[in-house]
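Here is a short briefing to read alongside your structure.

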Amino acid sequence: MDTISSIAKRLNVTNGRIYQIIKEIPADKQPKKDAKGKYNFTKESVEAIENYYNSLSSPKTDNESDLVKQLRADLEDAKAEIKAKNNQIDKFQQLLDQQQQLNLSTNRQNEKLLDTSTNNTPSQDDSPSQNDDTDVLKPTESNSKWEETKTLKKGLFGWLRR
């Protein structure tokens, strides 16, 4: 004899779900209750419960496959969007690097201008050059082993260091 629990285990659902299914199946196929309020399951009532449950679960798999397809499409869209955002970040990083280089060059030019404006008699070091190498280490002709010597920094108070 079948019980609510045995049917629930066979269908891999909860006992409460079996009670819900019993209310949904036609009245002529529902199990009858005895005097104590327990269900007496016949072969037809068990089949009706199983058929009803199977009819509910088969469209669910179709919906699940549609859902999986939709989720995969959404995932591909998200991947494409992330790739586009990464490209934008790379471009912004390049622009930021260029801006920093421009700022550094402008600051060096400003330092040169301030240094020459504080000195009335410009020296050889103060003459403007084509390339700005105030902070760059460069080899000298007298140094045959290519040892690097640092040029003097110029700035607002560069005249005090002389």
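**Ile-7 and its surroundings**

Not counting residues up to four places away in sequence, Ile-7 touches Asp-2, Ile-18, Phe-41, Val-46 and Ile-49. Please keep in mind that this is a predicted model.

- Ile-7 sits in helix α1, and it counts as buried because its relative accessibility is 0%.
- Ile-7 and Ile-18 are 11 residues apart along the chain, with their C-alpha atoms separated by 7.6 Å.

**Helix α1 and what follows**

- Helix α1 covers residues 4–11, and its buried residues include Ile-4, Ile-7, Ala-8 and Leu-11.
- Why do these residues share a side of α1? They cover an arc of only 100 degrees around the axis, which puts them on the same side of the helix.
- After α1 comes Asn-12, with a positive phi near 60 degrees, although Asn-12 is not a glycine.
- Asn-12 lies in the loop between α1 and α2, and it counts as exposed because its relative accessibility is 69%.

**The nonpolar core**

- Which residues make up the largest nonpolar core? Its 12 residues are Ile-4, Ile-7, Ala-8, Leu-11, Ile-18, Ile-21, Ile-22, Ile-25, Phe-41, Val-46, Ala-48 and Ile-49.
- The elements that supply two or more residues to this core are α1, α2 (15–24) and α3 (43–118).
- With 4 residues, α1 gives the most to this core.
- Phe-41 is one of the core residues, and it counts as buried because its relative accessibility is 11%.

**Aromatic rings**

- There are 2 aromatic pairs in the model.
- Tyr-19 and Tyr-39 form a tilted pair, at 6.1 Å centre to centre and with 50 degrees between the planes.
- Tyr-19 belongs to helix α2 and Tyr-39 to strand β2 (residues 39–40), so this pair ties together parts that are 20 residues apart in sequence.
- The rings of Tyr-39 and Phe-41 also form a tilted pair, with centres 6.0 Å apart and planes at 35 degrees.
- Together, Tyr-19, Tyr-39 and Phe-41 form one aromatic cluster.

**The chain as a whole**

- The protein chain has 3 helices and 4 strands, which follow the pattern α-α-β-β-α-β-β along the sequence.
- Of the 162 residues in the protein chain, 16% are buried.
- The protein chain exposes about 13,300 Å², and carbon and sulfur atoms supply 52% of that area.
- Among contacts between residues at least 6 apart in sequence, 43% join residues at least 24 apart.

**How confident is the prediction?**

- The mean pLDDT of the protein chain is 79, and 69% of its residues reach 70 or more.
- Where is confidence lowest, and where is it highest? Strand β3 (residues 137–139) is lowest, at a mean of 51, and α2 is highest, at 90.
- Where pLDDT is low, the predicted coordinates should not be read in detail.

Methods
Residues numbered from 1 in each chain as written. Predicted model: local features only at pLDDT ≥ 70, side-chain atom pairs only at ≥ 80, totals over all residues. Heavy atoms only, no water. Buried < 20%, exposed > 50% of the residue type's maximum accessible area, 1.4 Å probe, protein only. Arc of directions from axis to C-beta. Core = buried A, V, L, I, M, F, W, Y, C linked by side-chain atoms within 4.5 Å. Contact = heavy atoms within 4.5 Å. pLDDT = per-residue confidence, 0-100. Areas by Shrake-Rupley, 256 points an atom, 1.4 Å probe, with all protein chains shown as cover. Phe/Tyr/Trp six-rings, centres within 6.5 Å; stacked < 30°, edge-to-face > 60°.
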